Structures are given as structure tokens and as C-alpha cells.
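Please look over the sequence and the model below before reading the notes that follow. They are grouped by topic.

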Amino acid sequence: VTETDPPVEIPQPSSGSATAGYRSAKYTPAEWFSNYHTILQQAGTDRYQARSIQRESKTLSQDTEAATLQTQAEGTRLLGERLQEIHYWKSELQRHIDQLLADTESLLGLKRRLEKALDATETPYAIATDNLNCRTRRLGPDLVKDSVEEELLKEVDLIRSVQALLKRTTAQVVTQIKLNRESKQTLELDWSDKYQAYNFDDHCGRYSNMSPDTQRHPSSAAMQDQVCNPTSWTKFTQDNLSKALQEEQATHSLRLLVERVLQDTTEDLRVQCSRVDRAFSQRCEELIEAKTQLEMKLAQVLEQIGTQERNVVALQQAIHNKEAPLRVAQSRLYLRSLRPNMELCRDEPQLSLEGEVRQIDATLASLHQQLSEARGSLSHLEESRMTLEKDINCKTHSLLIERDKCMTHRKRYPTISMLSGY
């Protein structure tokens with residue numbers, strides 16, 4: 001049977017009344033032939049359609065196989081390129097993470113140095129304030145506002161300024177450490193995401209048609225609700241790296257600033273310390289020289305006091321020696337004043353005795369005057385001695401404070417390395 005054969009008519013069963021009992025369920029030969037011819041025709045039609053579908057299927061299978069292999073190869077290639085791109089950005093992220101970690105460690109070291117330097121300034125501050133307090137215990141005229149006090153006050157002000165500067169710088173370092181850690185955390189999150197994405201894409205690239213662990217996920221394509229496009233993906237990482245680079249540059253600038261601050265503050269403190277030490281040395285030299293001059297003058301005064309005391313004794317003895325001649329002369333005059341009548345004459349002996357008494361009185365007056373002056377001089381010398389001794393005691397006490405207390409205490413001044421935070 002071919003496509004051009006006319007359809008065969010199937011005869012209807014006979015319905016004669018005479019043979020109804022024998023042909024009620026039977027077909028005629030024509031019906032039999034028509035039936036199997038119809039079956040043959042239908043089978044031929046189905047066979048033709050099947051062969052047509054087979055040819056189309058073979059062509060479609062060949063075409064789709066090539067397209068599928070080409071699409072799969074292209075996907076594998078794109079996955080490889082994506083892996084290279086992810087690896088590049090992951091490497092950049094890792095490099096900046098390591099740099100931020102190193103910068104943070106460096107800043108932590110500088111922070112410790114700043115804290116040590118700040119602690120080290122407490123010793124100079126205690127020394128300077130103790131020196132000022134000790135010098136308030138100087139006595140009398142030595143309690144003077146001299147160059148030492150001026151330099152000590154400058155030192156106290158300088159130390160306070162240095163402490164404030166070190167505190168501000170430490171706060172800057174702490175802030176930068178926080179920013180570095182935040183930027184590092186951002187990079188680490190980005191790196192972690194890229195690490196997972198790299199592993200996923202690497203696993204995807206290893207899939208093949210022979211892989212036993214592949215499965216069907218009909219809804220996987222619908223699940224790809226993209227968060228970003230390649231441009232925004234790249235820009236996101238570039239922005240993170242740019243922020244990290246800013247923090248790295250800020251860290252570098254801050255490190256230079258901290259080094260310069262520590263160097264400048266150390267130099268300023270040591271220079272001021274040298275100025276104070278020189279002022280102390282000069283003051284001690286002045287005190288020693290003044291004390292030496294006072295002691296020399298005291299020795300001279302003591303010698304003069306001894307001489308004057310001997311002079312007073314000699315004057316007293318001279319006055320005492322005039323007592324006997326005066327009594328003799330006065331006794332003679334008294335007895336001669338008892339002469340009677342005309343015998344009470346102012347003769348030569350009388351005049352001589354009167355002159356002798358006047359002479360002795362004048363001599364005694366001169367001796368008393370000289371004795372008074374000698375005693376006054378001796379009193380002044382004693383006052384000078386007391387003043388000199390008091391001033392020498394002041395100078396000795398001041399020298400004890402300046403040299404034995406203050407300058408000895410200043411030997412505890414921190415070294416350059418301690419002031420630099422080491």
C-alpha cells in the first residue's frame with residue numbers, strides 16, 4: 001500500500017433475515033480484505049512519518065550536539081577567564097590586606113613608643129617640680145627668682161606641652177589603627193567572597209559531560225537574580241582597594257609624623273635639660289664664689305674683732321692706770337685747800353696740781369671717748385660677723401639645695417632612648 005492507493009471501503013456486515021442465526025457476528029471476505037488493507041495502509045503511513053521524524057531528529061541531534069559542545073566550551077573558556085580575573089583581584093586584595101596588617105602592626109609599635117615616651121616625661125616633670133619646691137626652701141636673700149628658676153619654669157611648661165602633643169599624636173594613631181582595621185575587614189570580606197566564588201567557578205570549570213556528580217537543577221537559571229553587573233563588580237573591589245590605599249598612605253604620613261614628633265620632643269627636652277643644668281652649675285659657681293668671699297671677709301672680721309677686743313682691754317687698762325695719778329693729784333689739791341688764811345695761796349705747786357688734774361681729766365675723757373668708739377666698732381664688727389655667718393649659712397644651705405639635692409636629683413633625667421619611647 002502506498003500513499004497514492006485509494007482508501008479501501010470496508011463492507012458492512014450482511015443483515016439477511018434468512019441467515020441471521022449464522023452471520024450475526026461474521027464479516028464478508030471483502031470486509032476481511034478491506035480490514036487488513038486498512039491496517040497495512042495505516043502501518044505504512046506511520047512508518048513514513050517515523051522515518052521522517054528520524055531524519056529530522058538525526059539532523060537536529062547533530063546540530064544541537066555541535067551547538068551544545070560549542071556553548072559548553074565557550075562557557076568553560078569564560079569560566080577560565082573569570083577565574084583569572086577573580087585570582088587577580090583576590091591577589092590584589094591579599095596584597096593590600098598584608099600591607100594593612102603590616103601598617104597596623106607598625107602603628108601599634110609606634111603607639112607603644114608614644115605611651116612609653118609619655119610615661120618617660122613623668123620623670124622630668126617630677127624632677128622639675130621637685131627642684132622648684134626645694135628651691136622655695138632657700139633662706140633670706142638667697143630666695144631670688146634667678147635664671148635657674150626661669151629655666152625650670154620653662155622646662156615645666158615644655159614638658160606639659162610635650163605631654164599634650166604626645167597624647168594628641170597617640171589619639172591620631174589609635175584612630176588610624178581603627179580605620180586600618182575597618183578597611184582590612186572590608187578587604188577580607190571581599191577576599192572571602194572572591195575565594196568562595198573562585199572555588200565555585202573552579203568547580204564549575206571542572207565539570208564535564210562525564211562528571212558523575214552533576215545533577216539537574218531546573219530552577220537554577222531562574223534563581224540567578226543578579227546583584228550586580230561586571231562593571232559594578234569591578235568598581236566595588238576597586239573602591240575597596242582605593243580606600244585601603246588611602247589608609248596606607250595616611251599610615252605612612254602618620255608614621256613619619258610620629259617619628260618626627262618623638263625626635264623633636266626628645267631634642268627639645270634634652271636641650272632644655274642642658275640649659276637648666278648649665279644654669280644650676282653657674283648658680284653653684286656663684287654661690288661658691290660668694291661663700292668663699294664671705295668666709296674670707298669673716299676671717300678678716302674675726303681677726304679685727306680680736307684686735308679690737310685687745311684694744312678695748314688696753315684702753316680700759318689705760319683708764320684704770322690714770323686712776324692713781326688722778327687720786328694723788330686730787331688728794332694733794334684737797335689737802336692744800338685746807339691751808340689756813342694767807343697760806344691758801346695759788347702758788348706754783350697749786351697751779352701745777354690744777355694743770356695735772358685737768359690734764360688727767362682730759363686724758364680720761366679722750367680714753368673714754370676712744371673706748372666708746374672702740375666698743376661701738378667692736379659692736380659693729382660683731383654685727384658684721386653675725387651677718388656674715390648668717391649669709392654664709394644661707395649660702396651653704398642654698399648650695400646644699402642647688403648642688404646636693406637638685407643637681408643630684410637631675411641625674412635621674414631620662415636618656416634620649418627612653419624619651420624616644422624605647
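**Briefing on the predicted model**

In this predicted model, 30 residues of domain 1 are in contact with 21 residues of domain 2, where contact means heavy atoms within 4.5 Å. The model is a prediction in which local features need pLDDT of at least 70 and side-chain atom pairs count only at pLDDT 80 or more, while totals for chains, interfaces and linings use all residues. Residues are numbered from 1 along each chain as its sequence is written, and side-chain values use heavy atoms, with hydrogens and water left out.

**Domains**

- The domain assignment of the protein chain gives domain 1 as 71–206 + 231–284 and domain 2 as 297–337 + 346–420, with bounds that come from an automatic or database domain assignment.
- Between the C-alpha centres of domain 1 and domain 2 the distance is 76 Å.
- About 2300 Å² is buried between domain 1 and domain 2, and carbon and sulfur atoms give 62% of that area; buried area here is the accessible area (1.4 Å probe) that two parts lose on being put together, summed over both.

**Coiled-coil annotation**

- An unreviewed UniProt entry places the feature "coiled-coil region" at residues 284–311 and 364–391; UniProt positions are given in the numbering used here, feature names are shortened, and annotations may be inferred rather than shown by experiment.
- Residues 284–311 are 100% helix and 0% strand, with end C-alpha atoms 40 Å apart; helices (H or I, at least four residues) and strands (E, at least two) are DSSP runs, numbered from the N terminus.
- Residues 364–391 are 100% helix and 0% strand, and the end C-alpha atoms of this span lie 39 Å apart.

**Aromatic rings and charges**

- The structure holds five aromatic pairs, counted when rings of Phe, Tyr and Trp (its six-membered ring) have centres within 6.5 Å, with planes under 30 degrees apart taken as stacked, over 60 as edge-to-face and the rest as tilted.
- One of these pairs is Trp32 with Phe33, which is edge-to-face because the ring planes stand at 75°, with the centres 4.6 Å apart.
- Trp32 also pairs with Tyr36, and this pair is tilted because the planes are at 55°, with the ring centres 5.1 Å apart.
- Trp32 and Tyr36 are separated by about one helical turn, because they are four residues apart in helix α1 (residues 29–120), and ring pairs link Trp32, Phe33 and Tyr36 into a cluster.
- Trp32 counts as exposed at 52% relative accessibility, whereas Phe33 at 40% and Tyr36 at 31% are partly exposed; buried means under 20% relative accessible area, exposed over 50%, and partly exposed in between (1.4 Å probe, protein chains only).
- Arg82 lies over the face of Trp233, 3.8 Å from the ring centre, and the charged end of Lys90 sits over the ring of Tyr198 at 5.5 Å from its centre; a charge sits over a ring if NZ of Lys or CZ of Arg is within 6 Å of the ring centre and within 35 degrees of the ring normal.

- Gln176 lies in helix α3 (residues 147–206) and is buried, with a relative accessible area of 9%.
- Although Gln176 and Glu247 are 71 residues apart in sequence, their C-alpha atoms are 7.7 Å apart in space.
- Beyond its neighbours within four places in sequence, Gln176 is in contact with Leu107, Glu247, Ala250, Thr251 and Leu254.
- Glu402 lies in helix α7 (residues 348–409) and is buried, with a relative accessible area of 1%.
- Not counting residues up to four places away in sequence, Glu402 touches Arg135, Arg138, Phe280, Arg283, Cys284, Leu287 and Met407.
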